[in-house]
Amino acid sequence: MKVVTYDTGDGGRVGVLDGDTVVDAGFDGDMVAFIEAGAPVKSGERVTGARLLAPLMPRTLRDFLAFEGHLKNAYRNLGRDIPREWYEVPAYYKGMPDTVVGPDTEVSWPAYSDELDHELELAAVIGRTVKDVAPQDAPDCIFGYTIWNDFSARDTQRREVPVGMGPGKAKDWDGSNVLGPCIVTPDEFDATAAIMRVRVNGEIWGEDTSAHMHHTFADMVAYSSRSQTLRPGEVIGSGTAAGGSGLELGRKLSEGDVVELEVEGIGVLRNRIGRKGA
């Protein structure tokens with residue numbers, strides 16, 4: 001099942017994708033409430049003129065660094081080595097949920113940055129309340145998967161990294177996190193072998209597969225839940241796939257660029273870059 005949040009002018013509602021058509025799920029509540037209620041899909045009406053929003057406004061955002069290939073590429077350009085601890089600990093940072101926007105939304109270019117970058121990520125959505133999850137039980141805690149474009153202000157990031165905190169303003173501005181276009185449930189999607197690619201203005205900039213993740217989603221869910229309760233609607237990101245950012249390639253985005261992140265089995269998350277200083 002692929003579920004979406006859509007709008008026809010009266011506010012967001014939960015829907016189910018039937019091919020390219022949105023069918024109303026018959027649920028009076030947002031996506032987080034829908035997941036928490038056990039995804040009770042009723043026989044709904046087909047919707048015309050639906051505009052897809054971010055599939056959910058997550059309770060929390062945790063972003064990991066699961067792809068060794070990305071780290072090798074990025075750290076080489078930053079003059080750093082991958083720390084030994086990365087291979088042992090699935091570390092993460094926390095994003096701000098209220099920065100999330102959805103597909104076909106123009107992404108604001110923060111006024112304080114001159115170097116904006118995209119990041120190609122796969123994300124898991126927690127489906128039930130859990131704590132201290134064993135890795136072997138973690139897959140059963142996932143409601144589904146979506147695409148995450150974790151935009152970064154790279155010049156700001158280079159100033160923040162030496163402080164040893166954050167990231168902060170390198171990641172946090174209105175519209176800096178994009179989720180979508182849908183959430184696909186695990187019965188229809190193999191998160192261990194998904195082809196992932198990024199296109200800018202129709203040109204492929206990078207391609208990878210989730211099979212190259214060093215830390216699995218099971219590892220990430222288990223680590224996140226240590227002595228802490230996870231609840232439906234929390235989002236856990238894979239971190240950037242190899243070749244999934246301009247930083248790795250020595251390439252930069254410009255105003256008006258169209259960035260498309262594609263994960264086979266989920267779809268395409270498309271956004272245009274707004275003007276600088278927005």
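User: How many bridges join strand β10 to β12, and do they run parallel or antiparallel?

Analyst: Seven bridges join β10 (residues 120-126) to β12, and the two run antiparallel. Strands pair here if DSSP finds at least two bridges between them. This is a predicted model, with residues numbered from 1 along each chain, where local features need pLDDT of at least 70, side-chain atom pairs count only at pLDDT 80 or more, and totals for chains, interfaces and linings use all residues. Side-chain values use heavy atoms, leaving out hydrogens and water.

User: Which residue in β12 does A124 stand opposite?

Analyst: Y145. Y145 also stands opposite V184 in β14. β14 (residues 177-184) pairs with β12 in the antiparallel sense, over five bridges.

User: Is β12 buried or exposed?

Analyst: Nine of the nine residues of β12 (residues 142-150) are buried, so the strand is largely enclosed by the rest of the structure. Buried means under 20% relative accessible area, with a 1.4 Å probe and protein chains only.

User: What share of the protein chain is buried?

Analyst: Buried residues make up 53% of its 278 residues.

User: Switching topic, how many helices and strands are there?

Analyst: Five helices and 20 strands. These are DSSP runs: helices are H or I of at least four residues, strands E of at least two.

User: And what does the C-alpha trace span?

Analyst: About 55 × 45 × 30 Å along the principal axes of the protein chain.

Note on methods
Buried < 20%, exposed > 50% of the residue type's maximum accessible area, 1.4 Å probe, protein only.
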